[in-house]
Amino acid sequence: MSILTNLTRRQLILLAAFGSAALFFGALAFQFIGGVEPCAMCFWQRWPHRIAIGLGILGVILPFALVAAAGALTMLVSVGLAAFHSGVERDWWDGPASCTSRGVDLLNSECGPLDFECGSAIVLCDEISWQLFGLSMANYNVFISAALLVLWIVAARRA
């Protein structure tokens, strides 16, 4: 018997929200403690988890199926963003010109190429800044967000 069958909608919502909180605060830890600077697409991937945390708080107070369905929708968006970013990192398709090596013109920027005091560092979306077992953070986000999507769907269907 699956452990999910014994959980109430409120508990499933709490578990899914906790998963998003773990991913979100983990990303912050990588950034501020580990020094792994995020790219623009990394920031995009944080938004669905922020929303899911808020929906989790609402769902614990008001455990309605509609709240859980909204949580599922946020995780569907998260899976899509993370899958898109994963493809950009793996050169399966082009990403936004604003954050990929094909679109950033470092030689003609307002700062000279050797002026390290000018501006801020550009983190490219098509370069993997951290990986474990050959998978990037965006890759892990795809899998974990998909698991959280299942939790939200089960919560929405729970009576």
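How many cavities of 30 Å³ or more does the structure hold? It holds one, where a cavity is a set of points on a 1 Å grid over the protein atoms alone at which a 1.4 Å probe fits but cannot get out. This is a predicted model, in which local features need pLDDT of at least 70 and side-chain atom pairs count only at pLDDT 80 or more, while totals for chains, interfaces and linings use all residues. Residues are numbered from 1 along each chain as its sequence is written, and side-chain values use heavy atoms, leaving out hydrogens and water.

- The largest cavity contains about 90 Å³ of space, a volume being the space filled by probe spheres set on the points.
- Among the 14 residues that line it, C42, H85, E89, E127 and S129 are the closest to its centre; lining residues have an atom within 4 Å of a point.
- Both α3 and α4 give two or more residues to this lining.

**Helix α4**
- Helix α4 covers residues 137-157; helices are DSSP runs (H or I, at least four residues) and strands are runs of E (at least two), numbered from the N terminus.
- Its 21 residues reach 30 Å from first C-alpha to last, close to the 30 Å expected at 1.5 Å a residue, counting one less than the number of residues.

**Helix α3**
- Just after α3, D91 takes a positive phi of about 60°.

How values were computed:
1 Å grid on protein atoms, 1.4 Å probe; cavity = no way out; pocket = protein on both sides within 12 Å on 5 of 7 lines; lining within 4 Å.
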